[in-house]
Amino acid sequence: MLKETQETVRKDWDTYFMDIAYMVSTRSRCPRRHVGAVLVQGKKLLGTAYNGAPMGVHDCLEAGCMIAEEIEVKLEGGKERVVKKQRCIRTIHAEQNLLLFTDRADREGSIVYVTDQPCWTCANMLANSGIVEIVYHRSYPKDSEKVAALMEQKGIVFRSLDQFDPPAQAQMEITL
Ligand SMILES: [Zn+2]
Ligand SMILES: [Zn+2]
(Lines give C-alpha, C1' and ligand atoms only; values in the text may rest on other atoms or scores of the structure.)
(Ligands and ions follow the chains in the order given, each with its own letter.)
Protein backbone atom coordinates (compact mmCIF):
# COMPACT_ATOMS: atom_id res chain seq x y z
CA MET A 1 0.00 0.00 0.00
CA LEU A 2 1.27 3.48 -0.86
CA LYS A 3 1.98 5.79 1.98
CA GLU A 4 0.59 9.25 1.63
CA THR A 5 4.05 10.79 1.32
CA GLN A 6 4.79 8.60 -1.68
CA GLU A 7 1.44 9.43 -3.20
CA THR A 8 2.00 13.18 -2.91
CA VAL A 9 5.40 13.01 -4.63
CA ARG A 10 4.17 10.77 -7.43
CA LYS A 11 5.51 12.01 -10.76
CA ASP A 12 3.17 13.64 -13.21
CA TRP A 13 3.23 12.29 -16.77
CA ASP A 14 5.31 15.16 -18.17
CA THR A 15 8.02 14.51 -15.59
CA TYR A 16 7.76 10.77 -16.11
CA PHE A 17 8.34 10.93 -19.86
CA MET A 18 10.94 13.71 -19.72
CA ASP A 19 12.87 11.67 -17.14
CA ILE A 20 12.86 8.78 -19.60
CA ALA A 21 14.05 11.08 -22.42
CA TYR A 22 16.96 12.17 -20.22
CA MET A 23 17.87 8.60 -19.31
CA VAL A 24 17.78 7.69 -23.01
CA SER A 25 20.11 10.62 -23.75
CA THR A 26 22.85 8.99 -21.61
CA ARG A 27 23.34 6.46 -24.43
CA SER A 28 24.69 9.23 -26.67
CA ARG A 29 28.42 9.19 -27.38
CA CYS A 30 28.77 12.75 -28.64
CA PRO A 31 30.62 14.68 -25.91
CA ARG A 32 29.15 17.98 -27.09
CA ARG A 33 25.52 17.13 -26.61
CA HIS A 34 23.42 14.30 -25.22
CA VAL A 35 19.90 14.47 -26.56
CA GLY A 36 17.11 11.98 -25.91
CA ALA A 37 13.66 11.79 -27.45
CA VAL A 38 10.68 9.55 -26.80
CA LEU A 39 7.43 8.98 -28.66
CA VAL A 40 4.31 8.78 -26.52
CA GLN A 41 0.73 8.01 -27.49
CA GLY A 42 -1.77 8.51 -24.73
CA LYS A 43 0.36 7.27 -21.85
CA LYS A 44 2.12 4.60 -23.85
CA LEU A 45 5.79 4.74 -24.76
CA LEU A 46 6.17 3.85 -28.44
CA GLY A 47 9.81 4.60 -29.12
CA THR A 48 13.06 6.02 -27.80
CA ALA A 49 16.05 7.56 -29.58
CA TYR A 50 19.21 9.57 -28.93
CA ASN A 51 21.69 11.44 -31.07
CA GLY A 52 24.40 9.28 -32.54
CA ALA A 53 26.35 8.17 -35.58
CA PRO A 54 24.75 5.52 -37.81
CA MET A 55 25.07 1.98 -36.46
CA GLY A 56 28.33 0.25 -37.28
CA VAL A 57 30.39 3.36 -38.07
CA HIS A 58 32.80 5.24 -35.81
CA ASP A 59 31.12 7.51 -33.31
CA CYS A 60 32.28 10.77 -31.73
CA LEU A 61 34.22 9.04 -28.93
CA GLU A 62 36.07 6.85 -31.44
CA ALA A 63 36.67 9.35 -34.23
CA GLY A 64 36.07 12.71 -32.55
CA CYS A 65 33.25 15.09 -33.26
CA MET A 66 32.86 16.29 -36.85
CA ILE A 67 32.66 20.03 -36.38
CA ALA A 68 30.94 22.30 -38.86
CA GLU A 69 30.67 26.03 -38.52
CA GLU A 70 27.37 27.60 -39.35
CA ILE A 71 26.20 31.15 -39.52
CA GLU A 72 22.80 32.48 -38.75
CA VAL A 73 21.48 35.90 -39.61
CA LYS A 74 19.43 37.30 -36.77
CA LEU A 75 17.19 40.32 -36.89
CA GLU A 76 17.62 42.47 -33.83
CA GLY A 77 15.84 45.79 -33.61
CA GLY A 78 15.63 45.97 -37.41
CA LYS A 79 19.36 45.25 -37.76
CA GLU A 80 20.87 42.07 -39.12
CA ARG A 81 23.43 40.38 -36.93
CA VAL A 82 25.53 37.40 -38.01
CA VAL A 83 25.91 34.73 -35.34
CA LYS A 84 28.50 31.97 -35.77
CA LYS A 85 27.93 28.57 -34.25
CA GLN A 86 29.84 25.32 -34.23
CA ARG A 87 28.08 22.02 -34.15
CA CYS A 88 28.83 18.35 -34.49
CA ILE A 89 27.45 16.89 -37.72
CA ARG A 90 28.62 13.32 -37.15
CA THR A 91 25.45 12.41 -35.31
CA ILE A 92 21.93 11.85 -36.50
CA HIS A 93 19.79 13.96 -34.21
CA ALA A 94 17.65 12.18 -31.61
CA GLU A 95 14.42 13.39 -33.21
CA GLN A 96 15.53 12.11 -36.63
CA ASN A 97 16.50 8.73 -35.19
CA LEU A 98 13.11 8.63 -33.51
CA LEU A 99 11.48 9.08 -36.91
CA LEU A 100 13.72 6.41 -38.43
CA PHE A 101 12.80 3.87 -35.77
CA THR A 102 9.06 4.41 -35.39
CA ASP A 103 6.11 3.78 -37.66
CA ARG A 104 4.05 6.51 -39.25
CA ALA A 105 0.85 4.92 -37.91
CA ASP A 106 2.26 5.06 -34.36
CA ARG A 107 3.19 8.71 -34.74
CA GLU A 108 -0.25 9.92 -35.81
CA GLY A 109 -1.62 11.94 -32.89
CA SER A 110 1.40 11.24 -30.69
CA ILE A 111 3.61 13.43 -28.50
CA VAL A 112 7.40 13.75 -28.66
CA TYR A 113 9.25 14.45 -25.43
CA VAL A 114 12.76 15.66 -26.19
CA THR A 115 15.47 16.88 -23.81
CA ASP A 116 16.39 19.81 -26.07
CA GLN A 117 14.39 22.21 -28.17
CA PRO A 118 14.53 20.83 -31.75
CA CYS A 119 16.75 22.47 -34.37
CA TRP A 120 15.15 23.73 -37.57
CA THR A 121 15.70 20.53 -39.57
CA CYS A 122 14.30 18.30 -36.84
CA ALA A 123 11.37 20.63 -36.27
CA ASN A 124 10.63 20.63 -40.00
CA MET A 125 10.69 16.83 -40.10
CA LEU A 126 8.61 16.49 -36.94
CA ALA A 127 6.09 18.90 -38.45
CA ASN A 128 5.55 16.36 -41.23
CA SER A 129 5.65 13.25 -39.08
CA GLY A 130 2.08 13.01 -37.80
CA ILE A 131 2.85 14.07 -34.23
CA VAL A 132 0.63 16.70 -32.60
CA GLU A 133 2.73 17.92 -29.68
CA ILE A 134 6.38 18.53 -28.81
CA VAL A 135 7.52 18.93 -25.22
CA TYR A 136 11.13 19.93 -24.57
CA HIS A 137 13.29 21.00 -21.64
CA ARG A 138 16.54 22.82 -22.52
CA SER A 139 16.17 25.69 -24.93
CA TYR A 140 18.18 25.87 -28.13
CA PRO A 141 18.47 29.45 -29.33
CA LYS A 142 19.34 28.81 -33.00
CA ASP A 143 16.32 29.32 -35.28
CA SER A 144 13.99 29.16 -32.29
CA GLU A 145 11.65 31.89 -33.59
CA LYS A 146 11.35 30.15 -36.96
CA VAL A 147 10.67 26.85 -35.23
CA ALA A 148 8.00 28.37 -32.99
CA ALA A 149 6.33 30.02 -36.01
CA LEU A 150 6.33 26.73 -37.90
CA MET A 151 4.70 24.91 -35.01
CA GLU A 152 2.05 27.54 -34.71
CA GLN A 153 1.30 27.35 -38.40
CA LYS A 154 1.07 23.56 -38.23
CA GLY A 155 -1.07 23.66 -35.10
CA ILE A 156 1.44 21.54 -33.19
CA VAL A 157 1.46 22.18 -29.46
CA PHE A 158 5.00 23.31 -28.62
CA ARG A 159 5.87 23.75 -24.99
CA SER A 160 8.84 23.73 -22.66
CA LEU A 161 8.96 22.17 -19.21
CA ASP A 162 10.52 25.10 -17.38
CA GLN A 163 10.10 23.64 -13.90
CA PHE A 164 11.62 20.28 -14.81
CA ASP A 165 14.70 18.97 -12.98
CA PRO A 166 16.64 16.34 -14.94
CA PRO A 167 17.48 13.12 -13.08
CA ALA A 168 20.95 13.31 -11.50
CA GLN A 169 22.17 10.21 -13.37
CA ALA A 170 21.52 11.94 -16.68
CA GLN A 171 23.42 15.15 -16.01
CA MET A 172 26.39 15.78 -18.25
CA GLU A 173 28.91 18.51 -18.69
CA ILE A 174 28.37 20.12 -22.04
CA THR A 175 31.55 21.26 -23.70
CA LEU A 176 30.09 23.97 -25.89
ZN1 LIG B 1 29.94 14.71 -31.74
ZN1 LIG C 1 17.98 18.48 -34.71
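Visitor: What makes phenylalanine 17 count as buried or exposed?

Guide: This is a predicted model, in which local features need pLDDT of at least 70, side-chain atom pairs count only at pLDDT 80 or more, and totals for chains, interfaces and linings use all residues. Residues are numbered from 1 along each chain as its sequence is written, while chains are lettered from A and ligands numbered from 1 in the order in which they are written. A residue is buried if 20 or more other C-beta atoms, placed from the backbone, lie within 10 Å of its own, exposed if 12 or fewer do, and partly exposed in between. Phenylalanine 17 has 21 C-beta neighbours inside 10 Å, and therefore counts as buried.

Visitor: Where is phenylalanine 17 placed, and which residues does phenylalanine 17 touch?

Guide: Phenylalanine 17 belongs to helix H2, where helices (H or I, at least four residues) and strands (E, at least two) are DSSP runs, numbered from the N terminus. Two residues are in contact if their C-beta atoms lie within 7 Å, and, leaving out residues up to four places away in sequence, phenylalanine 17 touches Val38, Val40 and Tyr113. Leucine 45 stands 28 residues from phenylalanine 17 in sequence, with 8.3 Å between their C-alpha atoms.

Visitor: What makes a set of residues a nonpolar core?

Guide: The name is given to a set of buried Ala, Val, Leu, Ile, Met, Phe, Trp, Tyr and Cys residues joined through C-beta atoms within 7 Å. The largest such core has 27 residues, of which Ala21, Ala37, Val38, Val112, Tyr113 and Val114 touch the most other members. Helix H2 (13–25) gives the largest share of this core, five residues. Alanine 37, apart from its neighbours within four places in sequence, is in contact with Ala21, Ala49, Ala94, Glu95, Leu98, Val112, Tyr113 and Val114.

Visitor: Why is H6 called roughly parallel to H7?

Guide: Angles run from 0 to 180 degrees between N-to-C directions, the axes being lines fitted to C-alpha atoms over the stretch in contact. Angles under 35 degrees count as roughly parallel, over 145 as roughly antiparallel, 65 to 115 as roughly perpendicular and the rest as oblique. H6 and helix H7 (residues 144–154) pack at about 5 degrees, with their axes 10 Å apart, and H6 is therefore roughly parallel to H7. Trp120, Ala123, Asn124 and Ala127 of H6 make the contact with Lys146, Val147, Leu150 and Lys154 of H7.

Visitor: How do you know that glutamine 169 is exposed?

Guide: Glutamine 169 has 9 other C-beta atoms within 10 Å, so it is exposed.

Visitor: Why does aspartate 143 count as partly exposed?

Guide: Aspartate 143 has 19 C-beta neighbours inside 10 Å and therefore counts as partly exposed. Its place is in the loop between S6 and H7, and its phi is near 60 degrees, a positive value in a residue other than glycine.

Visitor: How do you know that the radius of gyration of the protein agrees with that of a compact globule?

Guide: The radius of gyration is taken over C-alpha atoms, and the globule rule is 2.2 Å times the number of residues to the power 0.38. With 176 residues, a compact globule would have a value near 16 Å, and the protein has 17 Å, which agrees. Of these 176 residues, 30% count as buried.
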